[in-house]
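Open the model in your viewer and keep the selection panel at hand. The tour starts at a ligand and then moves out to a whole chain.

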Amino acid sequence: MTWYEIKKVFSRPGSKAAVAVLAAVVAVSCYLATHIAYVNEQGDNEYGRAAVMRLRAAQKEWAGVLDTEKIRQVIEANNRVNQSPEGQAEDVRSGNIAYGRKQGFLGIRSLLNYAYAEGFRISDWYRADVLTPDMADQFYERRIGLLKDWLYDETGEAYYRYSPREKQFLVTRYETLQTPLAYDYAEGWVQLFRYAVMVIMLCMILLGYLVSGIFAGEFVQKADAVFFSSYYGRNKAIAAKLKAGAAIVTAVYFGAVCCYSAFVLWYLGADGYWLPVQAHWSAWKCFYHLTVWQKYLIIVFGGYVGCLFISLLCMWVSAAFKSRAAAVMVPIAMEFVPSFLGNLSNAAADKIIGLLPDRLLDLDVTLNLFHVYTVGHYVVGSVPLLFVLYGVLASLLVPVIYGRYRRTQAQ
Amino acid sequence: MELVMKDLSRQFQKTTAVDHVSYTMTQGVYGLLGVNGAGKTTLMRMLCTLLKPTSGSVTWDGSDIFRMDGAYRRLLGYLPQDFGFYPDFTVRDYLLYIASIKGLRPMNAARRTKELLGQVGLAGAEHKKMKKLSGGMKRRVGIAQALLNDPKILILDEPTAGLDPGERIRFRNLISELAENRIVLLSTHIVSDVEYIAHEILLMGEGRIRSAGTVGELLHQMPVRVWQITVPPGQAGRYLAEYAVSNVKTDADGVQLRILSQEQPAAKAAAQSATLEDLFLWHFGEKAGERHDLV
Ligand SMILES: Nc1ncnc2c1ncn2[C@@H]1O[C@H](COP(=O)(O)OP(=O)(O)OP(=O)(O)O)[C@@H](O)[C@H]1O
Ligand SMILES: [Mg+2]
């Protein structure tokens, strides 16, 4: 039964097109994620696997524990390059050559930009260039200090946004981060995370399209009379539809995400999976203590929970309104609601936005957001809440859809 | 084996599609005859548990069919008037899918599918896509689908619509064979579809069973007689206006009329034995619109 339901979905010409579109998007994402440049000694960009290997080698030279000594070395090395003739020159080629010489420690240099910024929310690309080696020992202190300044500044945006308990929660999170961090080449993961959202979002929209016909199709094709008058028409056959939906979501989602991950990691390498996420500038401010590998799992499974929930919502709309078109709109609405609420820019709207299902589809960003919630006596970040919330809602939708369809009177 | 409808009614907003129908069916073929909008489809949908009645009940061997749920549907085979299917499925896949939701085991399903495709004359078309079938072929798949689970109650809503004459006859024979140990209820506008095979005919009009019984009983109850007369073309109009006329045929001698009337319409009119067609016209004459069409 379930097998035929799946076959029904994929026998539609539109479904084949949807899968083709998804394959194309995965291919494009793979390309974008792996299209990283290595700047050679002449200041020219090099691309391709050989260039990746050279970049990797350059960064590996700086791999290791990110202690005061290492920070000092980076500040010195950065200053050395800046003092060199190419660093001083104004022309583009010299600039590129200077940049090329910084490639090995560029990741650490970016961390300096954040750690020594003038404020928590300020990012200044040239900040690292004004540092002196004796400032190296402030590196981890400043991470915590900037957060505190931001949270407890009465004139700032954060002061009224977080309750005292929430502020304390964030500060504690920062203080309990295991330091010193470590550094290694991790471009594979970072690039993988950055473009994962493209794959996951598209999965969601196409899955919405694929599953939208599972329940509405019977009415659209007027096959409902035979369906509902059959032996299993009001029980097992409905369960089979739900199973088919879940199977399609699971197979298509993991198919796309695994293809994408495997290609990117093969091309760029999987080094650095053990690093704390904060060791890369893209997650320097993250208050969740995770390794890169754990972050990967969270992104992948969060995306899955999000896709599953939204697909189930599509199926519910498709069962309740007997309309495929209405169901297809669900994922698109999911994209619009957050931006609509975002325009309201008030505290309540902000709290809600942090818990909308689309946040699960872009956990790379969500993990960096300062969305915290007070639940009873506990303060939690939005990420664990999102998992619980949509995990529970998805499992509640299953009996709701089943019951709704079971009670349908065929017209 | 007894399907009992008791005071069965179904209301749609203002229209009463089925109006207090009470009837009992046991084994055999039942022909449901009625004009468009008589309520045939609505009645059948209730018998298939697709529509809840506004009032009244349907019981199978004493149990309410809605309460019986799956146990009742297991006995049921239904061909809807507006038969929908999955356009991109092949005939075989379609039937195997329906077999699965009817609870047939895969081995059994494959065997039944093959058997039925032969019976409805589609043995060569099993790998054709449903959307590529002709109208009559789709109908035949619909009939096969209804028979998959060897139903005790077979409900066919206009099964012969769109079938060619040869196929119609084959279908009639198939139904006759099937009727042995089950209830077959089939609706149609075409009298000849049921005239010879139905054990009982139900004449339905405006939601009510107007008259029911065997063909003999129904004809016996008919309060008018049937006359045949041939008149010159100029005079035909007068008879058409005055009497219910069930047939008009023009040939070299003039216009041959088949008139339903208590009294002899004219001296030279010859008495004929009545047919079911005459009866149908008598009940639904105006509605059927035949008189006007023919003038
Ligand atoms: N879903 C519905 N909503 C509103 N009215 C309906 C609905 N279904 C049927 N009706 C009305 O009920 C009446 C009976 O319709 P039904 O389809 O049962 O007739 P029928 O005898 O099957 O006609 P036909 O020979 O044309 O198939 C009609 O007046 C129709 O307009
Ligand atoms: Mg009808």
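How many residues surround ligand 1, and which are the closest? Select ligand 1 and display its shell: 14 residues surround the ligand. The closest are Gly37(B), Lys40(B), Thr41(B), Thr42(B) and His189(B). Keep in mind that this is a predicted model.

**Stop 1: the ligand site**

Colour by chain. Ligand 1 lies between chains A and B. Now colour the shell by residue class. Eight of its residues are polar, four are nonpolar and two are charged.

Next, select helix α1 of chain B, residues 40–47. This helix gives the largest share of the shell around ligand 1, three residues.

**Stop 2: polar atoms around the ligand**

Start with Thr41(B): an N or O atom of its side chain sits 2.6 Å from an oxygen atom of ligand 1. Move to Lys40(B). Here the distance from a side-chain N or O atom to a ligand oxygen is 2.7 Å. Then pick Glu158(B), where a polar side-chain atom is 3.5 Å from an oxygen atom of ligand 1. Switch to a surface view of the ligand. On its own, ligand 1 has 630 Å² of accessible area, and the protein covers 67% of it.

**Stop 3: chain A as a whole**

Hide the ligand and select chain A. Its cartoon has 19 helices and six strands. Along the principal axes, the C-alpha atoms fill a box of roughly 80 × 50 × 35 Å.

Colour by pLDDT. The chain A mean is 93, and 100% of the residues reach 70 or more. Which elements of chain A have the lowest and highest mean pLDDT? Helix α16 (residues 347–353) is the lowest at 83, while helix α13 (residues 236–268) is the highest at 97.

Chain A exposes about 17600 Å² of accessible area, 63% of it belonging to carbon and sulfur atoms. Of its 411 residues, 55% are buried. Look at contacts between residues at least 6 apart in the chain A sequence: 74% of them join residues at least 24 apart.

**Stop 4**

Select helix α1 of chain A, residues 2–11. Which of its residues are buried? They are Tyr4(A), Glu5(A), Ile6(A), Lys8(A), Val9(A) and Ser11(A).

Finally, show what covers them. From chain A, the cover includes α2 (13–34), α11 (187–220), α12 (224–228) and α13. Chain B takes part too, with α4 (91–101).

Methods:
Residues are numbered from 1 along each chain as its sequence is written. Chains are lettered from A and ligands numbered from 1 in the order in which they are written. Side-chain values use heavy atoms; hydrogens and water are left out. A residue is near a molecule or strand if one of its heavy atoms lies within 4 Å of it. A polar contact is a pair of N or O atoms within 3.5 Å; within protein, one must be able to donate a hydrogen and the other to accept it, and residues adjacent in sequence count only if both atoms are side-chain atoms. Accessible areas come from the Shrake-Rupley method with a 1.4 Å probe; for residues, only the protein chains shown count as cover. Helices (H or I, at least four residues) and strands (E, at least two) are DSSP runs, numbered from the N terminus. Ala, Val, Leu, Ile, Met, Phe, Trp, Tyr, Cys and Pro count as nonpolar, Asp, Glu, Lys and Arg as charged, and the others, Gly among them, as polar. pLDDT is the predictor's confidence in each residue, from 0 to 100. Buried means under 20% relative accessible area, exposed over 50%, partly exposed in between (1.4 Å probe, protein chains only). Contact means heavy atoms within 4.5 Å.
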